[in-house]
Amino acid sequence: MRLDLITIFPEYFAALQLSLIGKAITDDLVQVGVRDLRDYTHDVHRSVDDTPYGGGAGMVMKPEPWGEALDAVLAEAPQRPVLVVPSPSGVPFNQGIAEELSHQSHIVFACGRYEGIDHRVIEWAKQRFDVRELSLGDYVLNGGEVAALAMIEAVVRLLPGVLGNPDSLVEESYAVATDGLLEYPVYTKPASWRGLDVPEVLLSGHHGKVAQWRAEQSRNLTAARRPDLLG
Ligand code: 6GU
């Protein structure tokens, strides 16, 4: 999988060198390219934003640097890439979308700042990319970088060979905050810690009862915290 990131803060993506994703990059399962949007400006101030037509607060990202940066990505793209535009106005990102994206060979992330990118960039991009405007949730971040990092982590961990233990993916399909339920609580040794004991059933060695207890915990937790997941 190839990932291209366009941003005015390339340093954010140093985090991709860490942990499982860093290993996936070292192992060449993922190729990452980070482009500084300001490299596609031509004025002395390297400006990427301007005041909004129609008035209002804040600044809007100018279309020209975005056009040139996206042209540069396309010039090296063998086929039509996906363009993810992180935005609080996007479709809510979830595990199903992460799964879909994990089957793509080339994803470009357009990380906007300020009040967003001139809308013509999105319109233009639809001719050359499969555009997905995606939101992490109902809160406001200062820019798309942190959102892109979260989405990349959710996608890359699904790639074959990235997780040490693929069983953990199978477990998740039955208990995760997606189309399923929330995960049951987990415990490890010691069996007693600061006066708190691990639930007896987990020490019983009775796999049927353990499975039943976990299913019940998942159901109760989901009902309490995420009743929207219970149909
Ligand atoms: Cl994807 N971007 C920004 N800027 N803010 C957000 C978001 C994305 N998701 C939630 N808030």
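Me: In this predicted model, what covers the buried residues of α1?
Reply: The cover over the buried residues of α1 includes β2, which runs over 31-36, and α5, which runs over 144-156; please keep in mind that the model is predicted.

Me: Which residues of α1 are the buried ones?
Reply: Helix α1 takes in residues 19-26, and its buried residues are I21, G22, A24 and I25. Seen down the helix axis, these buried residues fall within an arc of 160°, so they line one face of α1.

Me: And what sits on the face turned away from the buried side of α1?
Reply: That face carries S19 and T26, which are exposed residues.

Me: What about the backbone just after α1, which residue has a positive phi there?
Reply: It is D28 that takes a positive phi, of about 65°, just after the helix.

Me: Back to α5 for a moment. Where is V146, and how exposed is it?
Reply: V146 has its place in helix α5, and it counts as partly exposed because its relative accessible area is 39%, while the cut-offs are under 20% for buried and over 50% for exposed.

Me: Zooming out, how many helices and strands does the protein chain have?
Reply: The secondary structure of the chain comes to 8 helices and 9 strands, and the C-alpha trace spans about 70 × 40 × 35 Å along its principal axes.

Me: How much of the chain counts as buried, and how much area does the chain expose?
Reply: Of its 231 residues, 40% count as buried. The chain exposes about 13,400 Å², and carbon and sulfur atoms supply 53% of that area.

Me: Last one, what share of the contacts comes from residues 24 or more positions apart?
Reply: Taking the contacts in the chain with a separation of 6 or more, residues 24 or more positions apart account for 75% of them.

Terms used:
Residues numbered from 1 in each chain as written. Predicted model: local features only at pLDDT ≥ 70, side-chain atom pairs only at ≥ 80, totals over all residues. Heavy atoms only, no water. Buried < 20%, exposed > 50% of the residue type's maximum accessible area, 1.4 Å probe, protein only. Helix = DSSP H or I, 4+ residues; strand = E, 2+ residues; numbered from the N terminus. Arc of directions from axis to C-beta. Contact = heavy atoms within 4.5 Å. Areas by Shrake-Rupley, 256 points an atom, 1.4 Å probe, with all protein chains shown as cover.
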